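Here is a friendly briefing to read alongside the model. Have the sequence and the 3D view open as you go through the points.

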Amino acid sequence: MRFPIIAAAAVGLMALSAPAQATPTLNLAFIAGTSAQAQAAFTTAANYWSSAFTDTVTVNLTVGTGALSSGVLASASSNNQNYAYSAVRAAMAADVSSAIDTAALAHLPNAASVSMYLNYTSNNPNGLGSATPYVDNDGDANNTTIRMTQANAKALGLATTPSTLLNCIGNCDAFIQFSTGFSYDFDSSNGVSSGTYDFVGLAIHEIGHALGFTSGVDILDINSTSPNFFPDALFTFVTPLDLFRCSTASAANGTTLDLTAGAGIKNFSLDNCATTLGRFAEGITHGDGRQASHWKDNLGLGIMDPTIATGETLIVTPLDLIGFDTIGWNLTVVPEPGTLALGAAWLLGLVAIRRRAKTRAA
Ligand SMILES: [Zn+2]
């Protein structure tokens, strides 16, 4: 079976000015041929993340430009590692440093495995490959394994093994590539010129995937089409972010998370959908046509939205930051309770901007 590396999508944005110390350290290696402008803009994006977090870790990124799939602006391929769920929960417990972390930890069962809402598997009790969800709580590999980017693991203090990745220069946590098929504005500080894409924002978005904003739903979604269906135990791709992905139905059925592919509301929530903080995209094949490793498109939720329009300046929202705080990064400036109302206000401002033809970030 093929289990492709998740390609990240493109989006960008900027914000939060930044306090002093630069942690984490983002080591950047540029592929020969990457323009000086692109290198400078990518460095600006890396510096943003260094200022947004306080985790004293080093993340190694290789960056380049090349021909990507049609309609795709940029992509991120990350080194991923598997960990026992119990080890991940313990790491999150040891990493608690905000009210968001405390709330997130309270949602996670103190057990060896998690239950999930699932579909499209070969052992779906509703029928082979059925789209109808079921409760998978049998404690086998996919219930006991969490998969995350190496950078996310570093933030959580989990052991990682230095290694490289296809196309990378040296030790590498992710390879990020920008399409040569589009025009970019490399300086969004004075707005983004019409007909061009916000390169810094796009780079912030792609680095965000490398830092752990991904979903195992994409693996299920992409690989499960007739006649190719696989047993649930093979889908050992639940990410830290997925632990906070729920639907009304998944919560009502008593599961910890909703890993189903398909259209329908999938929320970002710290309390199993009692309170909804945001909404996720649903998948390219069976869902809304956007990779599930993003916020839902066209709601102006944040830098981790799946598409971007020309002339659009991408913005990091409090919701983005809460997402990263939840999966293990420690924020320099923690959004206050009530910040989400601010996020909603920003949303109003962004909706109009985003009603344009947009290009997929991959
Ligand atoms: Zn993306």
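**A strand covered on both sides**

In strand S8, both faces are covered: Ala174, Ile176 and Phe178 are buried on one side, and Phe175, Gln177 and Ser179 are buried on the other. Please keep in mind that this is a predicted model. S8 spans residues 174–179, and six of its six residues are buried. Across the chain of 362 residues, 52% count as buried.

**Neighbours of S8**

- Strand S2 (residues 58–66) runs parallel to S8, and six bridges join the two.
- Within that pairing, Leu61 has Ala174 of S8 as its bridge partner.
- Strand S3 (residues 74–78) runs antiparallel to S8, with five bridges joining them.
- Here Ala74 stands opposite Phe178 in S8.
- As background, strands of a sheet pair through backbone hydrogen bonds, in either a parallel or an antiparallel sense.

**Ile176 and the nonpolar core**

- The largest nonpolar core has 88 residues, and Ile176 is listed with Ala45, Ala203, Ile204 and Ile207 as those touching the most other members.
- Which residues does Ile176 contact, leaving aside its neighbours within four places in sequence? They are Leu61, Val63, Ala74, Ala76, Glu206, Ile207 and Ala210.
- In general, nonpolar side chains tend to be buried together in soluble globular proteins.

**A three-stranded open sheet**

- Three strands, in the order S6-S5-S12, form an open sheet with mixed pairing.
- Strand S6 (134–136) and strand S12 (257–258) each have a single partner strand and stand at the edges, so one side of each is left without a neighbour in the sheet.
- Strand S5 (residues 116–118) pairs with S12 in the parallel sense over two bridges.
- In this pairing, Met116 stands opposite Leu257 in S12.

**Helix H9**

- Helix H9 covers residues 318–326, and nine of its nine residues are buried.
- Gly328 follows H9 and has a positive phi, near 125°.

**The chain as a whole**

- The chain holds ten helices and 16 strands.
- Of the contacts between residues at least 6 apart in sequence, 73% join residues at least 24 apart.

Notes:
Residues are numbered from 1 along each chain as its sequence is written. This is a predicted model: local features need pLDDT of at least 70, side-chain atom pairs count only at pLDDT 80 or more; totals for chains, interfaces and linings use all residues. A residue is buried if 20 or more other C-beta atoms lie within 10 Å of its own, exposed if 12 or fewer, and partly exposed in between; C-beta atoms are placed from the backbone. Helices (H or I, at least four residues) and strands (E, at least two) are DSSP runs, numbered from the N terminus. Two strands pair if DSSP finds at least two bridges between them. A nonpolar core is a set of buried Ala, Val, Leu, Ile, Met, Phe, Trp, Tyr and Cys residues joined through C-beta atoms within 7 Å. Two residues are in contact if their C-beta atoms, placed from the backbone, lie within 7 Å.
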